[in-house]
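Please look over the structure below with attention to its helices and its pocket. The report that follows takes the pocket before the helices.

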Amino acid sequence: PIVTLTQKAGITNIGDLVFRDFLTSRMQVKALLTHMVIHRGIRRFAILYPESAYGQTFRRLFDEEIVNQGGLLVSQVSYPDGTQDFSKVIATLAEAYQPDPGSTPAFEALFVPDEPSVVATLASQLKNSPLADIQLLGTNLIHSPYTLQTAAPALEGILFPDAFFPQAPDPEVQTFVQAFQTRYQQT
C-alpha cells in the first residue's frame, strides 16, 4: 500500500492499494463554492487566473462547479504566469465589475488560484481600485509558511479551502487541538 500526498486526479485508479490523503483541486473548488453560495449567499463570481496548467485547471473546475452550485461566472480574465504588475487586468476586471458609475456591481467575489506571493501582490494592488473591498478567494496554497511570515497583512480576509481548520466546532477537532497544545505547548 501507498498513501500519496497529491492533488492529482485519478491517482487512486493506479491500483487497489493506492490511497490519497490530500484535497484534490475539484474538492477545493466544490468546498469553496458550497461555502460561498449556500452559506454566504454569494452567487456572482469572477476569476482571475494565471495562464499556467494550475491556473487553467482551476479555471475549468470553477467554471464547471459554479453551474452545479447555482452560481454565475460573470467575468474570466487571465494573465501570463509570473505577472507582477496587475494594473491592466485590474482595469479589465473593474470595467466588468461596475461598467456604469452608480450601477450594482456585477460580481461579489474574485477567485484567484495562484501562489500566495502572487495573490498577495495582486491584493495589494487591488486596494487602490474599485475592487478594493471585493471578497478574495484562493486555493489551499494560501495556507503556507510564506503567507504567515510575509503576506498575511495583504491577504487578510481571503477565503480558501484546507484539510484542517483548528477553530472547527467539531468535538473531535477541539479534542485534538487541546491535546496537541498540551503536549507541545504551541498551536
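## Pocket lining and helix packing

H1 and H5 each supply at least two residues of the lining of the largest pocket, helices here being DSSP runs of H or I with at least four residues and strands runs of E with at least two, numbered from the N terminus. The model is predicted, so that local features need pLDDT of at least 70 and side-chain atom pairs count only at pLDDT 80 or more, whereas totals for chains, interfaces and linings use all residues. Residues are numbered from 1 along each chain as its sequence is written, and side-chain values use heavy atoms, without hydrogens or water.

Of the 24 residues that line this pocket, His143, Ile158, Phe160, Asp162 and Phe165 lie nearest its centre, and H1 gives the largest share of the lining, five residues. A pocket is an open set of points on a 1 Å grid over the protein atoms alone, where a 1.4 Å probe fits, with protein on both sides within 12 Å along at least five of seven lines; lining residues have an atom within 4 Å of a point.

| Helix | Buried residues |
|---|---|
| H2 (residues 53-69) | Gly55, Phe58, Arg59, Leu61, Phe62, Glu65, Ile66, Gln69 |
| H4 (residues 116-126) | Pro116, Val118, Val119, Ala120, Leu122, Ala123, Leu126 |

What covers the buried residues of H2 includes helix H1 (25-39) and strands S3 (44-50), S4 (72-79) and S5 (109-111). H2 is followed by Gly70, whose phi is positive, near 80°.

Technical notes. Buried < 20%, exposed > 50% of the residue type's maximum accessible area, 1.4 Å probe, protein only. Contact = heavy atoms within 4.5 Å.
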